[in-house]
Amino acid sequence: MVTESPQEAAGRARVVLNDLDLVLPAVDALYRDLHANPELSGAEARTAGVIAERYAAAGLAVTPGVGGHGVVGVLANGAGPVVAVRADFDALPIAEDTGLPYASTAVATRADGTTVPVMHACGHDLHTASLAGAAQLLGARRELWSGTLVLIAQPAEESMQGAKAMLADGLFRGDGRFPRPDVVLAQHCAITRAGMVHHRPGLAYSACRNFRITIHGSGAHGAAPHWSVDPVVLAAQTIVMLQTVVSREVDPDEMTVLTVGSVHAGTRPNIIPAEAVLEVTLRGTSEAVMDQLQAAMERIVRGVAEAGRAPRPPDIELLEQTLPVRNDADVTARVRAVHADLFPSGDMVDLPWPNKGSEDFAYYGEPGDGRYYAGPAIPVSMWFYGSTAADLWDAASGDLRERIARMPGQHTPFYAPDRLPTLRRGVETLVGAALAFLPAPVPAQGDPA
Ligand SMILES: [Zn+2]
Ligand SMILES: [Zn+2]
């Protein structure tokens, strides 16, 4: 499919990016608007509307409401491959504490009436603003490429529902509503220095399964524990026993995690409650090891309850899950080669390890077994790019891993990307990667060569 060299593709990208300074103020304004108005997963109505407007202004054919608040923008530009680029746009229930002038003060009301602060603490606002900028630039220089660009603006990444919902709504069905992509690309900001770009073929993100476990006991007066089955004690024993799954059961060569992230039971010192609720996340690099982790977790949870004479077995509910992200080796190598031509060598830092986080981008590359889309699996690649201010990064000591651990991290109240260099590099990476697969137009017969 691809005959042009990465250097030639990078050469076209440089021409497209000549106008980056002209569009960067609009990209930055969009970023600050999204950042100040974050919305929780599944509730991104305003954000989706802003994105749809931007895509329409860039000349794309826009379809809103795909799998919930998903937006698809299509730029058809003659014969050639279909290249899809995905950016997510949901935020997190965190109270921002960055002190930035455009910091979020947003508060969301949940279905149960409770309120939570909301913050773009994962940088999805960066992804979305940069993708809109890249689309604008590519739309303005259509004489430099041929094919179809599909923008996938995806909601509900943090809840791992958005990709599945958009696919279930026919995103890759190829039935005429949207063109079926030949390749799907995405990027995620990282807490390395702004400007850095990180690639990794193969495993890029872990698989994830999140559970809610309700342990049933029977309540009593706190001074009469012999009349109860104390679910607090059962929960404590369960949590300790669960620590042996990764340390004693799984092969030490496997990268696995089991974390009990939340524990809730009881209301007062002198009341033994009737139940305790744990929330657990499992991470691993294959479906086989995830099945092993889940089976061990279920065995322990049920076994401890039975040993503790619980009146009935615990309820184990799978809340959310995603597959591992596996980057196609050829696609990743080609994107990397174009980026390596565009960026200084000091900015190109390949990832030495997979991310222990998870990403529902995994579903776009899922083998076509019919669960998520029909037909053969579409090759995918997702790369990472830095967002930390250079002075902060340079002042820290240690190797890549140690420095990352010292930066204000994502999913914390303190994540404050150095926005202009990060947005700039985010547009550059996207334009380069898209043109890696969207070839130069073939001159029509009779045109000067
Ligand atoms: Zn996140
Ligand atoms: Zn994220």
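Predicted model: local features only at pLDDT ≥ 70, side-chain atom pairs only at ≥ 80, totals over all residues.
Let's start with the metals. The zinc ion called ligand 1 has three protein donors: C122 through its SG atom, E158 through OE and H411 through NE2. These donors lie 2.1 to 2.2 Å from the ion. Along the sequence, the donor residues follow the spacing C-x35-E-x252-H.

Now look at the zinc ion called ligand 2. Its protein donors are C122 (SG), H124 (NE2) and H188 (NE2), at 2.1 to 2.4 Å from the ion. The spacing in sequence here is C-x1-H-x63-H. Which residue bridges the two zinc ions? It is C122, and the ions it bridges lie 3.2 Å apart.

## How open are the donor residues?

Is C122 buried or exposed? C122 has a relative accessibility of 9%, so it counts as buried, because buried means under 20%. H124 is buried too, with a relative accessible area of 0%. For H411 the value is 41%, so this histidine counts as partly exposed, a class that runs between the 20% limit for buried and the 50% limit for exposed.

## An asparagine in a strand

Next, find N77 in strand β2, which covers residues 70-77. N77 has a relative accessibility of 16%, so it counts as buried. What does the side chain of N77 reach? It reaches the backbone oxygen of R142, at 3.0 Å.

R142 is also one of the residues that N77 touches, leaving aside those up to four places away in sequence.

## Helix α1 against helix α8

Helix α1 (residues 6-16) packs against helix α8 (residues 329-342), with axes 8 Å apart and an angle of about 55°. That angle makes α1 oblique to α8. The two helices cross in a right-handed way.

To see where they meet, pick out P6, Q7, A9, A10, A13 and R14 on the α1 side. Their partners in α8 are R334, A337, V338, D341 and L342.

## Helix α2 and its two neighbours

With α11, the axes come within 10 Å and cross at roughly 115°, and the crossing is right-handed. On the α2 side, the contact is made by L20, D21, L24, V27, D28, Y31 and R32. On the α11 side, it is made by R419, L420, L423, R424, V427 and E428.

With α4, the axes of α2 come within 9 Å and cross at roughly 150°. The two helices are therefore roughly antiparallel, since angles over 145 degrees count that way. This crossing of α2 past α4 is right-handed as well. Residues of α2 that meet α4 include L20, V23, V27, L30 and Y31. Among the α4 residues they face are D125, L126, T128, A129 and S130.

Notes. Residues numbered from 1 in each chain as written. Chains lettered and ligands numbered in written order. Heavy atoms only, no water. Donors = N, O, S within 2.8 Å, 3.2 Å for Na, K, Ca; no water. Buried < 20%, exposed > 50% of the residue type's maximum accessible area, 1.4 Å probe, protein only. Helix = DSSP H or I, 4+ residues; strand = E, 2+ residues; numbered from the N terminus. Polar contact = N/O pair within 3.5 Å; in protein donor to acceptor, adjacent residues only side chain to side chain. Contact = heavy atoms within 4.5 Å. Axes fitted to C-alpha atoms, helices over the stretch in contact; angles between N-to-C directions. Parallel < 35°, antiparallel > 145°, perpendicular 65-115°, else oblique. Left-handed = near helix turned anticlockwise from the far one by under 90°.
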